Structure formats: C-alpha cells, structure tokens
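Student: Please pick a single part of this model and go through its surroundings closely. I would like the packing and the ring contacts treated together, with the criteria stated.

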Amino acid sequence: MRSDIGAIAHKVAPRDGEPIVVKHYPNAFVGTELDARLKALGVTRVVIAGFMTHMCINSTARGAFSLGYQVSVPAAATATRALPAPDGSVIDASTVQRVALAALADLFAVVVADNAAIPD
C-alpha cells in the first residue's frame, strides 16, 4: 500500500524536466546522484530545509559540509518531533529542535532565522 505521507506537496512539485533526486537515507548525499549533479552545475553553497531536523537535516548538512559545500539552514524552514530519552522521559520537540540547530551551527552550517537571513 502506498501512502500520501511521503508524497511531494503539489505546490512544490517539480516542474517539467526538473531533475528529481530520490533519497533513501537521512543524508541526501548517500546513495544518490545529488553531489554529482550539484558539482556538475558548479554549486558550492547549499540551503537545507525540511522535516526531522535532528535526523535528515542534521545528516544532510553534515554530509554537505564533509563534501566541501558551504551550508545554510534557515531554522524557520525546519521542524522536528519529540523524542524518547534513554531514561524513559520524553524530550519535547522544541528542545530537540534547538539542540539540533545549535549542534549544526557549532561547525557544519550557518543557521539563520529564516530565508531572508541566508548569507550571500
């Protein structure tokens, strides 16, 4: 059975002829042609947005950094969910989000408030 949960939203669907990279792992560079496509275009800077800041945004930003890209993450274009802690408590989504963004900002990405603050 296929579900709509992972489907691309109509308003951000690819245009005719626009390349599509299907990722299978949290890091969008692993097992995909993303790096080769970007390098073929001469891209050196990437902006990463999406869901699961603690996992997919984190993994892709670190992967991009390791491949030599300058990485920006607009915080307002990311989100995550609450997570269970090893002691059985639950870490609320706001805390997970803040910690994930702070960890990225420590070295791997320029984390900004929103798309208007992305550095040139």
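Tutor: What follows is a close look at one helix and its neighbours. This is a predicted model, in which local features need pLDDT of at least 70 and side-chain atom pairs count only at pLDDT 80 or more, while totals for chains, interfaces and linings use all residues. Residues are numbered from 1 along each chain as its sequence is written, and side-chain values use heavy atoms, with hydrogens and water left out.

The part is helix α2, residues 53-66; helices (H or I, at least four residues) and strands (E, at least two) are DSSP runs, numbered from the N terminus. Helix α2 lies across β1 and β3 and runs at about 160° to β3. Axes are lines fitted to C-alpha atoms, for helices over the stretch in contact, and angles run from 0 to 180 degrees between N-to-C directions.

The strands under discussion belong to an open sheet of three, in the order β1-β3-β7 with parallel pairing.

From α2, residues including Ile57, Ala61 and Arg62 take part, and from α3 residues including Val96, Ala100 and Leu104; contact means heavy atoms within 4.5 Å. The residues of this contact divide into seven nonpolar, four polar and one charged. Here Ala, Val, Leu, Ile, Met, Phe, Trp, Tyr, Cys and Pro count as nonpolar, Asp, Glu, Lys and Arg as charged, and the others, Gly among them, as polar.

The rings of Phe65 and Phe108 have centres 5.3 Å apart and planes at 85°, so the pair is edge-to-face; rings of Phe, Tyr and Trp (its six-membered ring) pair if their centres lie within 6.5 Å, and planes over 60 degrees apart count as edge-to-face. Phe65 lies in α2 and Phe108 in the loop between α3 and β7, so the pair ties together parts that are 43 residues apart in sequence. Phe65 is partly exposed at 33% relative accessibility, whereas Phe108 is buried at 19%. Buried means under 20% relative accessible area, exposed over 50%, and partly exposed in between (1.4 Å probe, protein chains only).

Methods:
Pairing = 2+ DSSP bridges. Phe/Tyr/Trp six-rings, centres within 6.5 Å; stacked < 30°, edge-to-face > 60°.
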